[in-house]
Amino acid sequence: NEYQAAHIGRGDTQDTLYIPFYDELWFKQQFKEILLLNNTAEQIDSITQIVTRTDTKINEYYDNLGVLGEQPHLVSGTGWKHDPSFYTSSLLGFQEPFNVSTVPIYPVAWYTYAETLYDYPLELRYDNLFANVSYTLTVVYSGDLNKRIRLVANDDHVIHDFIDKPNPIKPLTFVLPNKSKELSLKWYPQIGLGGSGRGNQVSEVFLRL
């Protein structure tokens, strides 16, 4: 190409200089689809869904796991000072959202994520929940979409066994019976994959009543 790089994901950063850091591209795509609706009520409902996409009510929780300061329930693990290779720590990752001619346009939050490497689980931890109440858990998986992932609550309740990540990316919703005020959610990668160790990647988590 013009800059003698392999592609945007491998050195061709110049072609991304004018790509917005917020949801402009996704908004434009959604608005085009909304304009095709003939019913005004449906248009208003669709706009409302867009602008309230990440809203939560009192005693509900949202983690944007790929953004520092927006993942209060993420367990960091050992930490970089004692684990510089991040074998037992969580870290943040991203993928390039720029080749929109060949991939869908998503919310920016779906291009970033928290992840762990190799066999180490990724964990979110909650306290002060309502006991004996069912929550609705919504999760967005991203990153390496060819890798499988497993989710377990409180080390003994399998929310889902190893599944393929949705491609195209979309939210998955599960009913979570909660018996305690404390909750641990752990995502597990496929054991023994080797290679880069990547694949255990989660972008967003909603916990709603």
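**The cavity and its lining**

Author: Sorting the lining residues of the largest cavity gives three nonpolar, five polar and four charged; here Ala, Val, Leu, Ile, Met, Phe, Trp, Tyr, Cys and Pro count as nonpolar, Asp, Glu, Lys and Arg as charged, and the others, Gly among them, as polar. That lining is made up of Y118, D119, K147, R148, P189, Q190, L193, G194, G197, R198, G199 and N200. The cavity holds about 60 Å³ of space, and a search of the whole structure turns up one cavity of 30 Å³ or more. By cavity I mean a set of points, on a 1 Å grid over the protein atoms alone, where a 1.4 Å probe fits but cannot get out; lining residues have an atom within 4 Å of a point. Points are joined across faces, edges and corners, and the volume is the space filled by probe spheres set on them.

Bear in mind that this is a predicted model, where local features need pLDDT of at least 70, side-chain atom pairs count only at pLDDT 80 or more, and totals for chains, interfaces and linings use all residues. Residues are numbered from 1 along each chain as its sequence is written, and side-chain values use heavy atoms, with hydrogens and water left out.

Now the backbone. Most peptide bonds are trans. N167 and P168, though, are joined by a cis one, with omega about 10°. F86 isn't a glycine, yet has a positive phi of about 60°, and N132, also not a glycine, has a positive phi of about 60°.

Terms used:
1 Å grid on protein atoms, 1.4 Å probe; cavity = no way out; pocket = protein on both sides within 12 Å on 5 of 7 lines; lining within 4 Å.
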